[in-house]
Amino acid sequence: MPLASPEPVAARRGLSMKDWDAVVKACAALPGVEQGTSYGKPALKFRGKTLAATKAPDPDSFVLHVTTEDKEVLIATEPATFWQTDHYRGWPAILVRYGHDASDRITLLLARAWWDRATKAQRLLFGPRP
């Protein structure tokens with residue numbers, strides 16, 4: 001089911017990422033993002049690829065797909081929010097705890113995950129990589 005929102009991505013910044021519903025709202029401005037499942041759990045997908053999912057090993061966290069370079073920086077700079085288990089080591093995904101003061105950063109990372117999966121035409125309409 002596609003997400004729909006008239007608000008631009010920039011307007012979504014500042015939302016509290018207190019739960020999965022807030023993550024869904026943060027993604028609503030990204031074109032073509034749909035709600036689906038990943039391993040039987042709620043997920044946000046774009047072009048058939050997962051952006052974020054609730055399949056984290058801790059119910060107070062969600063999985064966010066990021067580059068491995070971003071992942072290292074996130075864990076080093078905000079370990080209270082961003083973390084990983086051995087299962088996620090070496091993979092371009094990070095665990096994110098709900099309720100921390102990183103909403104703007106998480107919204108930016110969701111937009112980057114979208115942009116990294118977008119076609120050239122979609123990127124041109126969206127603008128430069130966030």
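Here is a short tour of a predicted model, stop by stop. Local features need pLDDT of at least 70 and side-chain atom pairs pLDDT 80 or more, while totals for chains, interfaces and linings use all residues. Numbering runs from 1 along each chain as its sequence is written, and side-chain values use heavy atoms, with hydrogens and water left out.

**Helix α2.** The rest of the structure largely encloses α2, because 6 of its 8 residues are buried (under 20% relative accessible area; exposed is over 50%, partly exposed in between; 1.4 Å probe, protein chains only). Colour Trp20, Ala22, Val23, Val24, Ala26 and Cys27 to see the buried ones.

**Strand β1.** Next, pick Ser38 in β1, residues 34-38. Ser38 is buried at 7%.

**Salt bridges.** There are 4 in the structure (a Lys or Arg side-chain nitrogen within 4 Å of an Asp or Glu carboxyl oxygen). Select Arg112 and Asp70, whose closest N and O atoms are 3.3 Å apart. That pair links helix α4 (103-117) to helix α3 (68-77), 42 residues apart. Asp70 counts as buried at 19%.

Then try Asp86 with Arg89, at 2.8 Å; Asp86 is exposed at 61%, and Arg89 partly exposed at 46%.

Finish on Asp116 and Arg129, 2.9 Å from N to O. Asp116 lies in α4 and Arg129 in the segment after α5 (120-126), so the bridge ties together parts 13 residues apart in sequence.

Methods. Helix = DSSP H or I, 4+ residues; strand = E, 2+ residues; numbered from the N terminus.
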